[in-house]
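Thanks for coming. I will keep this short, and please have the sequence and the structure open while I talk.

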Amino acid sequence: MVVEFIIFLMIGAFAGLLAGIFGVGGGSLIVPALIIVLNHFNHGGEWINHIAVASSLATIIGTSLSSSWVQNKNHNIQWSILKKMVLGCMIGTMGGSYMTPYIPGVWLKWIFIVFLIYTGSKFILKSTNVAQNRNAVSFHDTIYIIIGGLIGVFAALVGVGGGVLVVPFLKKCGVDIRKAIGTSAAFTLPVALGGTIGYIIAGWNIEELPEYSLGFVYLPAVISIMITSIPMAKMGVQIAQGLSINKLIKYFGIFLLLIAIKLIIS
């Protein structure tokens, strides 16, 4: 248990730092890391991938609160758009998390891998154009709600905060990249809340889950990760303020591809 605790603390530190820098929830690191750790300690059996996704979403609650607090102080949150997306987001994440017991765990893993490769490649290839908003478009309020819902469903299925989808969407809307990252950080909070509630309900009556689990949420991992992820998220936001826009996006893409490779070979 002590070794697990130390590993979870390390995962939280790295995830929090990345969450603060890139405006994500940290799930793109937490999910694969938890899959590897849970497999090693034989926790969860056939439900390991579900536990990893659910626990990741639960940790994002703390990480998102930490990073979005600092982003708001830096005036980097586009509240006008965020308010329109939150309703759809909550509905989407709760619905997506409720669906997962009916989806094989290996499917969740490969959905996540494909997503990481696609998004990471897109960010790297387009990093030279991130400062340009020539093709910015505006949407009706209903579209923002629908987009928020779709991102919520996807985030719930793969255990991320949805930031890697929110940032490019907001850029398409003409939002400055730093404000897109800040708004994304705030968006991950309702995603995490809705997803966590859904996963607790979905896994409530499953007996094969490890001890100290609340539905699919593995509390020892969640609490340990949040101990380090919350303070490190604040540090990550400050680091991001000093990075150039092109470097910020390119590093994000490289980070996603590295995570995908790790998952493929694990």
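This is a predicted model: local features need pLDDT of at least 70, side-chain atom pairs count only at pLDDT 80 or more; totals for chains, interfaces and linings use all residues.

Start with the helices. Two packed helices are described by the angle between their axes and the distance between those axes. For helix α4, residues 79-99, and helix α8, residues 177-202, the axes come within 7 Å and cross at roughly 30 degrees. Angles under 35 degrees count as roughly parallel, so α4 and α8 are roughly parallel to each other. Their crossing is right-handed.

Which residues meet there? On the α4 side, the contact includes Leu 82, Met 85, Val 86, Cys 89 and Met 90, then Thr 93, Met 94, Ser 97 and Tyr 98.

Now the loops. His 75 sits in the loop between α3, residues 48-73, and α4. Its phi is near 60 degrees, a positive value in a residue other than glycine. Is His 75 buried or exposed? His 75 is exposed, with a relative accessible area of 61%.

The other residue is Tyr 212, in the loop between α8 and β1, residues 213-214. Here too phi is positive in a residue other than glycine, with a value near 70 degrees. Tyr 212 has 53% relative accessibility and counts as exposed, the cut-off being over 50%.

That is what I have for today.

How values were computed:
Residues are numbered from 1 along each chain as its sequence is written. Side-chain values use heavy atoms; hydrogens and water are left out. Axes are lines fitted to C-alpha atoms, for helices over the stretch in contact, and angles run from 0 to 180 degrees between N-to-C directions. Helices (H or I, at least four residues) and strands (E, at least two) are DSSP runs, numbered from the N terminus. Angles under 35 degrees count as roughly parallel, over 145 as roughly antiparallel, 65 to 115 as roughly perpendicular and the rest as oblique. A crossing is left-handed if the near helix is turned anticlockwise from the far one by less than a right angle, and right-handed if clockwise. Contact means heavy atoms within 4.5 Å. Buried means under 20% relative accessible area, exposed over 50%, partly exposed in between (1.4 Å probe, protein chains only).
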